[in-house]
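I opened this chain to look up how its parts are packed, and I kept the entries in the order in which I made them.

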Amino acid sequence: MSENVVHLHKHTNPAPVDTAPTVLTVVPDAPPAPPVPLWVRSGRAVKTAVTHERTRSAGRAVVRHGLYTFNGGRIAARRAWDGRTGSRYERMIRAAEAAGNLEAAEEWEERLQRFRAARHHRRMDLLHSPVDAAKGVAVGAGMSVGVLVALGVIMAINTGQAGDVVTPLVATIDFIALLIRIVQIVWGPALTIGPFLALLALWSVGRKQQAAPAWALPANVRSSEGEPITPSIVVKALRDLGVPALARAIKEMGDAGASMLGPIRIAGCGVEVDVTLPSGVATNEVQNKRRKLAENLTRHEHEVFITIPEAARTVRLWIADSGALDEPIGPSPLVTDETLTANYKTGRAPWGQDLRGDAAELSVYQRHLLVTGLSNQGKTAALRALALWLALDRTVQFWIADLKGVGDWAPFDGIAKVLIEGPSDSHCIQATEMVEDAVEEMNRRIEAVRKDPSLVFPPLIVLVDEAQKAFMCPAKGEDGRPYGGAKATSRYFMAVREIHNQGRAVDVLMWQGTQDPTDQNLPKLVREGAHTRASLVVGTESQAEMALGAKAVNAGAAPHLLRQGLDKGTLVVASDGIAIPAGQSSITVRTHFIDDEPAAEIAARAKALRDGVATLHAIDRTEERDALADVAAVIGDAARLRTDEVLKRLHALDTAVYREWNNGRLKRLLEEHGEEPKKSHGVMVVRRDDVARALANRDADGSASAAE
């Protein structure tokens with residue numbers, strides 16, 4: 001029973017009337033913790049001892065040195081077997097046949113035949129060797145005894161002692177006896193120590209070959225981060241890839257798979273090697289195991305790129321130096337070289353660097369452009385870098401709609417003739433009308449070129465950033481057609497399609513930036529119409545195919561394998577406007593990042609090259625026209641015109657005002673003034689006299705009709 005503690009509290013100040021009673025508080029002691037059972041404490045002690053780093057290191061050392069000895073024996077046995085048999089030649093023959101090199105196979109087969117013939121002669125010689133050896137021993141012994149006796153005779157003559165005749169013979173016998181005694185003394189310890197010396201030799205062989213699992217190797221060997229890429233490392237990585245046919249073929253090759261590899265070439269911040277796969281192994285089996293291959297090469301997944309060159313059954317591996325891709329690239333030449341200029345037709349934009357460290361330059365001449373990727377990965381920066389370079393060509397015109405509207409394209413105020421900035425539906429409507437105006441400009445240019453093929457127009461870049469907002473815009477026009485959408489009724493969709501179809505012929509080009517591509521916010525017909533397609537990191541392989549096309553992805557393009565956040569500004573580009581290694585359909589580019597301040601400086605240089613551009617920040621559709629007077633003007637001296645011809649002429653008169661007019665809108669205009677289109681030979685027409693009466697009635701009433 002635990003003791004109780006008694007606390008006595010007394011008032012230090014006496015009470016004036018009543019004395020406060022003494023308060024006794026009894027506080028029980030906390031019960032002691034129950035003892036931990038012995039088996040629990042023992043288990044904890046054993047667990048601590050087993051999991052201690054020293055114990056683990058000791059265990060690894062035991063396993064490592066044991067396997068050094070065991071595998072060293074295997075290696076020595078294999079070497080001995082190869083030396084005594086023709087298995088080495090047979091492996092080389094199989095390797096040459098697997099590689100399709102019949103000449104090498106025939107050469108190795110000839111060597112094997114010569115080896116077998118020499119071995120046969122040696123074996124035949126061994127059949128006669130015992131008799132010959134016995135004869136040789138007898139002759140040698142007789143000659144030795146004769147020499148010793150002759151030496152003794154000479155000594156006897158010299159000394160005059162007859163006993164010296166046998167002295168050399170006796171000395172020889174004594175020496176042989178001494179050797180026998182030495183052997184008798186050493187033989188016992190040699191039998192004891194010999195096996196240990198043999199094990200030590202096998203251990204040394206295994207240690208030199210590092211013949212133990214990686215986890216059992218010393219820490220300095222296990223940490224092979226950044227080790228140089230050698231043929232043996234590549235072959236071992238392929239062998240351990242988990243493709244049974246590949247592992248089996250490498251095992252059967254006499255050269256251990258070295259014949260599969262082309263030369264290992266230094267390529268920028270890494271190396272490049274072509275691997276010819278053996279029969280029965282498809283290239284996609286290697287592509288699908290990119291992560292495992294990278295880890296087998298002691299690299300991270302993003303540091304190994306697998307592409308498919310033109311040669312059959314071949315994969316091209318580009319392996320980065322460890323950590324090299326995490327280092328930033330240098331600044332853009334646009335920032336460092338203030339004298340740099342651009343040429344739309346012959347120049348190439350300095351966009352960044354490829355994985356080899358070479359400059360990646362893009363030609364934009366008559367090429368529609370699409371840049372896509374997840375949000376906040378550098379899409380706008382990549383687009384803006386191209387536009388800033390092209391702005392240094394004073395002949396190039398820009399119409400820009402920034403549907404993000406946070407000021408990324410503000411430097412183009414004073415460069416672009418149209419600059420729409422904002423994320424609302426009204427901004428999407430204005431962007432759509434801007435693209436439709438570009439269609440009209442394109443048609444005007446085409447019509448002019450038909451009349452005069454020698455005409456040359458200034459390039460017009462129609463750029464919409466965050467174009468997915470335009471595709472997803474729910475607003476509809478007066479005619480009921482939606483501004484957004486992916487159908488033939490969509491105004492934005494159809495306008496982009498028209499520019500894609502004919503714009504490049506008259507240098508009206510469509511550049512779009514969009515994020516997280518889907519069939520809804522980036523329809524197939526639009527993305528397939530871009531000549532240059534570039535993708536930052538995307539979420540899935542299907543999105544990668546939407547961004548770049550199935551052909552590029554099947555050939556190794558993998559923007560979905562880039563690291564979100566860590567590979568900002570890294571683009572996979574499919575275009576004939578950029579230098580792509582032979583046999584590949586895409587190239588990975590690390591783009592230069594141009595911050596807002598240097599972007600403003602580059603834009604200032606571009607403005608200095610121009611005569612001054614008044615930038616329109618919204619497309620004004622409120623200009624009032626006298627629609628009835630315009631109808632009378634387009635009819636002219638004709639007695640009547642078909643309604644569709646009247647609409648066509650109104651459209652040509654003022655595209656911005658009469659773009660959305662149709663038969664119904666024209667009919668309402670005439671009905672407001674007491675007239676309406678009538679039929680002539682079954683076709684709706686507008687008569688000149690009817691329009692004249694409508695004008696007279698309106699003037700009489702003192703009212704004017706304004707076009708919307």
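Entry 1, the whole chain. I find that 41% of the 708 residues count as buried, where buried means under 20% relative accessible area, exposed over 50% and partly exposed in between, with a 1.4 Å probe and protein chains only. I note that this is a predicted model, in which local features need pLDDT of at least 70 and side-chain atom pairs count only at pLDDT 80 or more, while totals for chains, interfaces and linings use all residues. Residues are numbered from 1 along each chain as its sequence is written, and side-chain values use heavy atoms, with hydrogens and water left out. The secondary structure comes to 24 helices and 19 strands, taken as DSSP runs numbered from the N terminus (helices H or I, at least four residues; strands E, at least two). Among contacts with a separation of 6 or more, 64% are between residues 24 or more positions apart, a contact being heavy atoms within 4.5 Å.

Entry 2, the sheet. I traced ten strands in an open sheet of mixed pairing, in the order β8-β7-β16-β15-β14-β9-β13-β12-β10-β11, where two strands pair if DSSP finds at least two bridges between them. The edges are β8 (359-362) and β11 (418-421), each with a single partner strand, so one side of each has no neighbour in the sheet. Neighbouring strands are turned by 25° against each other on average, direction ignored.

I asked myself why β15 is largely enclosed by the rest of the structure. Five of the five residues of β15 (residues 570-574) are buried, so the strand is largely enclosed, and both faces are covered, with Thr570, Val572 and Ala574 on one side and Leu571 and Val573 on the other. β15 pairs in the antiparallel sense with strand β14 (residues 532-535) over three bridges, and with strand β16 (residues 587-591) over four bridges. Within these pairings, Ser535 has Val572 as its bridge partner, and Leu571 stands opposite Val589 in β16.

I looked next at helix α15 (residues 491-502), which lies across β12 (460-465) and β13 (508-515) and runs at about 130° to β13; axes are lines fitted to C-alpha atoms, for helices over the stretch in contact, and angles run from 0 to 180 degrees between N-to-C directions. Helix α17 (residues 541-548) also packs on the sheet, where it touches β9 (369-373), β14 and β15. In helix α7 (residues 231-239), I list Ile233, Val234, Val235, Ala237 and Leu238 as buried, and the buried residues of α7 pack against α8 (244-252), β4 (270-276), α10 (290-296) and β6 (314-320).

I looked up Thr432, which has its place in helix α13 (residues 425-451), and at 1% relative accessibility Thr432 counts as buried. Apart from neighbours within four places in sequence, Thr432 is in contact with Tyr483, Arg491 and Tyr492.
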